[in-house]
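Keep the 3D view open while you read.

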Amino acid sequence: MNNMINNPNYSSTPATCYGEILWDVLPDGPQPGGAPLNVAYHLNKLGMDSSLITRIGNDENGQKLVELMENWGINTGLLQVDKQYETSQVLARMNNGNEVSYEIVFPVAWDFIDQSQQLLQHIKPSTYFIFGSLASRNETSRNTLYHLLDNDAIKVFDINLRPPFINQAQLGHLLSKADIVKFNEAELGIVQIMFGGSLKGEADKVRFIQDRFNIPEVIVTKGEFGASYYNFDKTYNVWGNEVKVKDTIGSGDSFLAAFIAAHNRRDQPLQILKKAIAMGAFIATKKGGCPEYNFDEYQAFYNELFTTKPDSNSAHTAA
């Protein structure tokens, strides 16, 4: 029931994203989306080639996504086509001007990502393998994800809690496999309580999760208040700045892409965090998760954010 997109120029890429691909159906029209697609899009913009392991329907919506990916330079060689289930659509609603809530249709094509030897061969020890919790909501895609996590790649887990698709056992398994985990503040609080924590301070919550699941690196995003990066026993904090927000769709995904791109270049931790914060803020000033822009625009925004304004950041080692 599944066909791989035929791509004769297919080759392994330094970053591979796994999971949902879809259309966000907004009041003013559909936008391409899904966290894995968003991350792959921004990685490519930042000069880091990416692939996407996902599944679309044999329909017009799916074909449009393939065309977009090809135009954006995202490798489509691992894209699967389903003859039974449709390409995913998510009904997105804007709240309070720019916050977004989602109604995620189930089941759809990306719930049925099949295992294949080609997928396994693609994941190299140097690959960043990026995945979220939503992709494990259905057994088929969950089993494929679990299989792919048994490798030596750098595994990046972007927590993406979407009720009712939250399962403690599955979440625990994904956390136990991760090398880098990204939370927002709310997700950090929810997850540490799920696993028996009752701690108040952010640092204590993070250390609880790190110790429980043996996770070397944890990121906590805080919107306009910046982000923190817990790298083993060291902590780095960078404050954000207010920007004129159009919408928050894909802002966290673009943050993660910039983090991974800088991490891959082995930038200094504070520099990694600043680049990620700047990208998240930059995309929040634009419409949709995959807006058109060039690197020079982002660089100018970064300079405005951190060069012409007072720098407020810190680093310390846990006692």
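**Two spots to look at**

Let's start with Ser88, which sits in strand β7, residues 88-95. Keep in mind that this is a predicted model.

**Ser88 and its surroundings**

- Ser88 has a relative accessibility of 0%, so it counts as buried, the cut-off for that being under 20%.
- Who does Ser88 touch? Leaving aside residues up to four places away in sequence, the contacts are Ile21, Leu22, Trp23, Val108 and Trp110.
- With Trp110 there's also a polar contact, made side chain to side chain at 3.0 Å.

**Strand β11 and its partners**

- On one pairing, β11 runs parallel to strand β10 (residues 154-158), and 3 bridges join the two.
- To get from β10 to β11, the chain passes through helix α5 (residues 168-177), making a right-handed β-α-β crossover.
- β11 also runs parallel to strand β12 (residues 217-221), with 5 bridges joining them.

**Zooming in on Ile180**

- Ile180 belongs to β11 and stands opposite Val156.
- Ile180 also has a bridge partner in β12, namely Glu217.
- A handy general point for looking at strands: when a strand is regular, its side chains alternate between the two faces of the sheet.

Conventions
Residues numbered from 1 in each chain as written. Predicted model: local features only at pLDDT ≥ 70, side-chain atom pairs only at ≥ 80, totals over all residues. Heavy atoms only, no water. Helix = DSSP H or I, 4+ residues; strand = E, 2+ residues; numbered from the N terminus. Buried < 20%, exposed > 50% of the residue type's maximum accessible area, 1.4 Å probe, protein only. Polar contact = N/O pair within 3.5 Å; in protein donor to acceptor, adjacent residues only side chain to side chain. Contact = heavy atoms within 4.5 Å. Pairing = 2+ DSSP bridges. Right-handed = clockwise from strand over helix to strand, strands pointing away.
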